[in-house]
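Please read them beside the coordinates.

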Amino acid sequence: MRQRSLFVRALLTLIAGWIALGFVTPAAAVVVTPTTPDGWAPANVRTNATVAITTAQPRSGTGSLEFTTNTITPGQDKADFEKTWVPTDFPARTLSGLTALSYEYYRDSSSTTLAHLAPVLRLYVADVTPTSPTFGKYALLIWEPAYNGTTPTPPVPTDQWITQDILNGKFWMFVPSGQSIPSGVVQNYNVTLNDWITGSPVGQPGDPAPINIDANTLVFGINVGVGSGWGATFRGFVDNVTARWSNDEVHANFEPDPAFRCADILLDDFNRANTTKGLGRNWTGATNTYRIAGNQAQPFTTAGTIFWNAQPRVFGADQAACVTLAQIDPNGKHHTLILKAQSVTNYTRGMILVSYDATSQQVIVETVEPGQSGWMTRLNVPVVFNHGDVLGAQALADGSVKVYRNGVQIGTATTSPFFVNRGGRIGVWFHQTSGALFDDFGGGNTTP
């Protein structure tokens with residue numbers, strides 16, 4: 001619970017000359033992945049602890065931030081994950097200006113540490129009042145379940161996600177060392193953010209004095225973490241960390257890297273001269289119903305099926321296709337990928353379609369095969385695609401079809417024995433989507 005030591009984050013010469021408050025472009029809510037971390041990173045990870053984005057306990061998507069500890073050496077059971085920013089780059093992110101602060105956490109029942117322990121949230125705060133004796137110093141204000149419940153401290157519920165609004169909760173302070181002021185825990189566990197701003201909370205005798213907190217105090221980072229003296233073992237998760245200042249928000253939905261990357265199997269980027277019709281010699285089928293426009297492909301109203309025609313042309317029983325929906329026709333039902341096509345002239349010989357229907361905001365998987373009357377719907381996935389999103393699919397040897405949005409799987413369809421261990425052609429079909437543009441078509445053999 002109490003933080004005995006915390007790494008010293010360099011904040012030297014916080015504000016040499018204070019800049020007046022100004023407009024700041026709002027930060028968008030983002031998906032945080034290992035390759036696109038948006039400034040988030042592990043911190044204070046000691047020998048007996050780990051932190052990583054995993055798929056072990058999905059929350060808003062396919063993953064979350066996982067923490068583990070296994071205490072062998074006391075005090076070495078600690079791991080954090082955090083995002084910080086230069087305070088003067090965001091002068092409107094004051095402690096008093098916070099309009100929302102929340103996160104979600106999960107304690108696994110396998111944990112053997114004390115039952116009231118769960119991941120905590122910390123705010124990095126800086127004193128920016130020039131007349132203050134602690135001007136330019138910083139501290140952490142820390143919210144944890146143990147000090148925000150009843151007495152005696154109740155156990156944290158296990159094996160369930162807890163959504164915690166902490167804006168009006170109680171926060172204690174830790175003053176890191178290395179700042180030419182006394183460091184350590186300020187032992188006052190019954191203080192709200194408003195109390196810190198408007199009052200003068202102090203700790204117990206022998207505690208360091210808190211840094212000055214007032215209406216100007218800046219928030220310059222968010223940290224979530226576990227451990228440091230907890231003992232035994234812990235396994236838990238965090239997701240959807242949110243701090244908001246009116247229309248400016250820092251948000252983290254922790255997700256694994258996409259399992260399916262269209263950039264890795266790119267076949268055509270359409271970066272060539274405009275055409276009145278046709279896409280070039282690497283395509284076959286109804287190519288005269290499409291044209292190149294501004295380094296993208298544009299379908300005509302009655303656009304038909306087109307197929308990739310460069311070697312090897314026919315791909316194996318495990319195959320993939322993908323396309324960037326550069327511009328979505330809001331009235332279009334068929335922003336469509338084709339997989340395992342058995343003919344480029346007769347669709348009734350067998351074909352799989354994976355379509356984004358913008359009118360009903362869903363992805364639909366359909367199949368046709370010899371002897372079948374019309375198309376058979378195999379899957380409907382409610383989902384919203386935006387301009388620039390990537391529609392992807394894998395049609396596998398076992399007959400299944402995996403569907404992806406921006407590389408993240410959103411559904412799996414089961415087809416029929418006809419498509420088991422069968423290869424075929426890949427392509428697109430943008431039927432009655434004249435308001436659409438597509439780009440960066442990819443495909444080829446794939447690994448399930």
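1. Leaving out residues up to four places away in sequence, L95 touches L123, V125, L141, L193, I197, I213, T217 and V219. This is a predicted model, and the contacts listed here are to be read as such.

2. L95 also belongs to the largest nonpolar core, which has 64 residues. Together with L101, V241 and F254, L95 is among the members that touch the most others in that core.

3. On confidence, the chain has a mean pLDDT of 91, and 94% of its residues reach 70 or more. Residues 1-28 have a pLDDT below 50, yet this stretch makes 70 contacts in the model beyond near neighbours in sequence. Those contacts should be read with that pLDDT, below 50, in mind.

4. The aromatic pairs number 26. One of them joins Y124 and F220, with 5.3 Å between the ring centres and 45° between the planes, a tilted arrangement. The two residues are 96 apart in the chain: Y124 lies in strand 7, and F220 in strand 12 (residues 218-227), so the pair links distant parts of the chain.

5. Are the two partners of this pair buried or exposed? Y124 counts as buried because its relative accessibility is 1%, under the 20% cut-off. F220, with a relative accessible area of 3%, is buried by that cut-off too.

6. Ring pairs also join F270, W283, Y290, W308, F430, F438 and F441 into a cluster.

7. Two arginines are placed over aromatic rings. The charged end of R93 sits over the ring of W85, 4.8 Å from the ring centre. R422 lies over the face of F418, at 3.9 Å from the centre of that ring.

8. T129 is in the loop between strand 7 (120-126) and strand 8 (138-143). Although placed in a loop, T129 counts as buried because its relative accessibility is 13%, which is under 20%. Which residues does T129 contact, leaving aside neighbours within four places in sequence? They are F135, N212, D214 and N216.

Technical notes: Residues numbered from 1 in each chain as written. Predicted model: local features only at pLDDT ≥ 70, side-chain atom pairs only at ≥ 80, totals over all residues. Heavy atoms only, no water. Helix = DSSP H or I, 4+ residues; strand = E, 2+ residues; numbered from the N terminus. Buried < 20%, exposed > 50% of the residue type's maximum accessible area, 1.4 Å probe, protein only. Contact = heavy atoms within 4.5 Å. pLDDT = per-residue confidence, 0-100. Phe/Tyr/Trp six-rings, centres within 6.5 Å; stacked < 30°, edge-to-face > 60°. Lys NZ or Arg CZ within 6 Å of the ring centre and 35° of its normal. Core = buried A, V, L, I, M, F, W, Y, C linked by side-chain atoms within 4.5 Å.
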